[in-house]
Amino acid sequence: MPDRYRRQSPLAHLGLVARASEDQSAEAGVVMAECPFCAQTGLRGDGSLARFGNAVKTVLGIAPPTEPNTVTGPEDFADGARILWLGPDEWLIVGGDVDAEPSGALRLALSDRHAAVVDVSDGRAVIALSGPNARDVLAKGCPLDLHPRAFGPGRCAQTVLAKAHVILHQIDASPSYEIYVHRSFADYLWSWLEDAAGEFGVRISNSRSDRNGLLGGRVTP
Amino acid sequence: MAIGVSVVGRSFKYHRPRGVFSAGVEEPIALIQLGSGPQTQPNMPATAVELSDGLVANSVHCWPNVNRDIGALAQWLSPFMPAGFYYKTFMWPARRWMVYERYIRNAAGLGTAPTEADPDIYDKMHVHCDVLVIGGGPAGLAAALAAGRSGARVIVADQQPEFGGQLLGERLEIDGGPAMAWVAAALDELAGMDEVGLLPRTTAFGYYDHNFVALLERRPIAAAETGRLARECLWKVRAKQVVLATGAIERPLIFANNDRPGVMLANAARTYVNRYAVAPGNTVVVFTNNDDAYRTAIVLAEVGVKVPALVDVRAFAPGALREQVSAHGIEVLNGWSVINAHGGRRVRMVDVVALDEAGAAASGSRRSIDCDTVAVSGGWNPAVHLFSQSGGKLRFDNARACFVPDVSVQSERSAGSCAGIFNLDGCLEAGFEVGAAAAADAGFTHGARPKRPRAEAPEEQPMRPLLWVPPPSNGKRFGKHFVDLHNDVTIADIELARHEGYESVELTKRYTTLGMGLDQGKTGNVHGLAVLAEARGNPIPAVGTTTFRPPYTPVSFGALAGRDVGDLYDPSRRTPMHRWHEQAGAVFEDVGQWKRPRYYPRSGETMGDAVDRECLAARHAVGILDASTLGKIDIQGPDAAEFLNRVYTNAWDRLPVGRCRYGLMCTDDGMVFDDGVTARLGDAHYLMSTTSGGAGRVLSWLEEWLQTEWPTLKVYLNSVTESWATASVSGPLARALLAGLTKTDLSADAFPHLGVREAVVAHLPARIFRVSFTGEVSFEISVPARYGMALWTTLMEAGQAYGITPFGTEAMHVLRAEKGYIITGQDTDGSVTPIDLGMDWIVSKKKDFLGRRSLNRVDAMRPDRKQLVGLLTDDPSDVLPEGAQIVGEKLPQPPMPMIGHVTSSYYSANLGRSIALALIKGGRDRIGKTVFAPLVDRTVSAVIVKPGFYDPEGARLHA
């Protein structure tokens, strides 16, 4: 395995770790964090076949969702693998550290059928957005209906946010979200989010699970 | 008004003094320049601007000031300025128009645009709701209550700072108490509902398809918050159901000099008294064709304003109201008409004339009445603008001479006076009905409805559908009768337009500029239609209306731009090595949304110096290029080779694992679409590369074919463009450099040109492609993007010993042009076939592929199609401009038949001369011939050659 300290996350140049440790207002309406080095695997296959779903479940412990725009995974999506529905034959598997090469076992399990397992961990940045005004910030740039009656925890969607294509996943009702954006757009989208959230007060965090204004969880280099 | 200002601005065409005409957004004439410096806003209707401490406002369209205005000389020239004046006067000679235009443009226009950047910020919000209620008057609030009580998600927007609509300017009662108390209670109840949002100061300005409605919210913010809080917010609302409660707009009656300051709408006069405690004048004559203005007379008299007379064009009089008016000592003149107003900067007197028995001619006795204000009412026009924008069809109501909503097209309902209901009780009833029905259609019903509040519904006498005063018995009017106060359009102008053949309302509008002002004719359009209808001898419905277009009221550019300004104007896509390029002082180039280093100037170097140095290094030592932006598509499945066969012009069946091949893709019309190298990574696993700008479009194109035409092909595509960072090292020392960083055998035998290897480079997992866009031995090294910077810095450190030189896109373009390699999108433009490019070698004759049949069309096989050739200028130091037109024969002056154009052109340091690629008609048959590029300052001669100027045998490539 290559030296971890040589890797750079998509937003490494913004010095977010340092900013997170600075004294920040506790009153922030929006908390933002980069979730770096999160393993992501693109999965293509025939979702209508039980054999396919079972094969995935055998490896990951969870089956790919068949209901459009939903996510399967642990209760609060805090840890462990989760699978986002992107299309009738397309999913995104998320979880674990990228250098653990999590897609190898799945590729092996599906090798005897028509499916594609592609490591796309580096292709997208993951931005965690939470806080009482998180939904307001998204509403400034996302045309989807994110009202709790229409979009709640466990829902995901491929949509646009500002001028970037994103995958949006609502984690919990607080509300907190994870936003997957193509790596090259990450700098733009982060800047846009900070700008849009400015009026509510922004706090930078180091942890994707930092949803209630308390610094907790792991701090990743 | 309270301190006696009567002239607010000057009119558009004649510079006549103008005062306040209305009390709302319909204001056609009282326009002001609001604020100063970078925040100034031109042409704001004074009647719709909320007062605040320190507000700065100036009159527009006058010099040196509003009371002494040089432009007012235009009034004396007005007999020479009829409708179509500009078209008629400035037509000859046609070439002089450019000169005239400058002066005309100067004379036109009202306020002044700011010249500095706007320091304010603007926001946008996307919201969805079950019921959007537009208008917060009695009908709108009633609808919101009914919908809100059902649990539906409701948004109520009103353009005014306070809710209440027309009630704000009235002294009416609901359920026996003040109407505004009911409004306050309704707002309290609505504010307590979790799913109801109240948006004051918010104008619904556009109603689009699928119940998409745009709202503009103006937010009063403290000066200290400028740049932190948004001053305006554009709400993009997607509503399941819309309730239009947009109210009605009073309209005037037209008489001579009806634009004099002091002439105002009757309900505006009432509103200034009731809402703002301001008397509109000291002596007010009320002039009407309906009951409503009687209430104005009563309100004015009650607060002590002198009302010498109420002039009613109707011969009959409403019983109870007339008695109340008379009780205040006001003379009621039934069957009379105001025909003229006297006075310059303020009305001083009106002439009134008794009408004949039919009411058709102003032929009776005549009087003059001293006054400083005329409160005028010609009835009401429902505000059907949004209804019409939604696609709804209007119907003309003859009794009230107004357009009302008829047939709905989208999920919307009109309630209250915008639906032609002109009494409070009716508005409340309609509001509750429509609000509940809208909620029910959105899926929300609630149990027993509470009893609705009641208001008085007084008996109304019918209005007289007359919009301008009858002419004297000889039929000849005198003086200007203004239909459109904003653009100075008179009855005579419309009649003239019709006389000159502009029968259609759309043509009349454009010829006279009727309704084309900032107010979009809110108080004058129906009059204009009526005048045209009468001139044509048609009823009004036969004339129709002009189109109601968004926006209902003007919208600032700032709100439309939102946050997409400055650095956030457009995304700039960055590669994982972007920071290194920045620190190396790279000059960036936009390639699509990507920022790519164009060249890396050293201190004192020009662009030419830097590009020459970079080009020489890549051919004589080693150059390094950030190639991360190239599109990469992962292709997997048993039918992958067949799929490639169908999308590329060449054959893919025999490509072995571990090898790459260059491919050319055509659209179905046979034109070159994209190109790139595709590698076979496994039995059923390929990696396609595309151009940087084409990555998205190629993936969409391939998915479209897979999903719609070839669903049986077992192929899955995944975009991996952004997953990999790619550095390309190129040049005679590239192999030696890379050999120090990997154990993979890089020798020409073990790793030939167009090979691909999984490898470890600099202790990083990598793929090495031996492909070349420079014609030198090149290795493209891809690593997971998180290691892109590590790979780059390692290569740079290790490369110092070899004189490694980073090169940008400009040097890359020069190097490939030296080899005659094309760039799709630069040397092709969607009208170029592979054959045109001389790339027959890559077009298979044995299989079908997208675009193949089109290549056999007669047009695609014409011998005189433009073909790609090289150009060598006779003067080797002369670099042709890209895009230069090429002619075969130099004539003394144009026109000269064009035979082609230059697509790529550079100075080549490696060749010590200029080179160019060009598309020339029948170019391959012209090789060796001299052609010319006539430029502005010189004509350049050049010889046509084969494209490919450097190492045409390709020896260096395979070294």
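Predicted model: local features only at pLDDT ≥ 70, side-chain atom pairs only at ≥ 80, totals over all residues.

Reply: Residues are numbered from 1 along each chain as its sequence is written, and chains are lettered from A and ligands numbered from 1 in the order in which they are written.

Me: What makes up chain B in terms of domains, helices and strands?

Reply: Chain B is divided into domain 1 (9–107), domain 2 (121–248 + 382–441), domain 3 (252–378), domain 4 (466–538) and domain 5 (571–860); such bounds come from an automatic or database domain assignment. The C-alpha centres of domain 2 of chain B and domain 4 of chain B are 32 Å apart. Chain B contains 23 helices and 47 strands, where helices (H or I, at least four residues) and strands (E, at least two) are DSSP runs numbered from the N terminus.

Me: Why is chain B called more spread out than a compact globule?

Reply: The radius of gyration is taken over C-alpha atoms, and the globule rule is 2.2 Å times the number of residues to the power 0.38. For 959 residues the rule gives 30 Å, whereas chain B has 38 Å, well over that value, so chain B is more spread out than a compact globule. Along its principal axes, the C-alpha trace of chain B spans about 115 × 75 × 55 Å.

Me: How do you know that B:Thr553 is buried?

Reply: A residue is buried if 20 or more other C-beta atoms lie within 10 Å of its own, exposed if 12 or fewer, and partly exposed in between, with C-beta atoms placed from the backbone. B:Thr553 has 20 other C-beta atoms within 10 Å, and therefore it is buried. B:Thr553 lies in the loop between helix H14 (540–543) and helix H15 (557–561) of chain B. Across the whole of chain B, buried residues make up 51% of the 959 residues.

Me: What does B:Thr553 touch, not counting residues up to four places away in sequence?

Reply: B:Thr553 touches B:Val25, B:Thr203 and B:Phe205 on that count; two residues are in contact if their C-beta atoms, placed from the backbone, lie within 7 Å. B:Thr553 and B:Leu518 are 35 residues apart in sequence, and their C-alpha atoms are 7.6 Å apart in space.

Me: Why is strand S13 of chain B called mostly covered?

Reply: Strand S13 (residues 230–244) of chain B has 12 of its 15 residues buried, and is mostly covered.

Me: With which strands does S13(B) pair, and in what sense?

Reply: Two strands pair if DSSP finds at least two bridges between them. Strand S6 (residues 121–134) of chain B is parallel to S13(B) over 13 bridges, with B:Val131 bridged to B:Gln241. Strand S12 (residues 212–218) of chain B runs antiparallel to S13(B), joined by seven bridges, and B:Ala214 has B:Lys236 as its bridge partner. Strand S26 (residues 412–414) of chain B pairs with S13(B) in the parallel sense over three bridges.

Me: How do you know that the span of helix H21 of chain B is close to the expected one?

Reply: The expected span of a helix is 1.5 Å times one less than its number of residues. Helix H21 (residues 788–799) of chain B has 12 residues and reaches 16 Å from its first C-alpha to its last, close to the 16 Å expected. Among the buried residues of H21(B) are B:Trp792 and B:Leu795.
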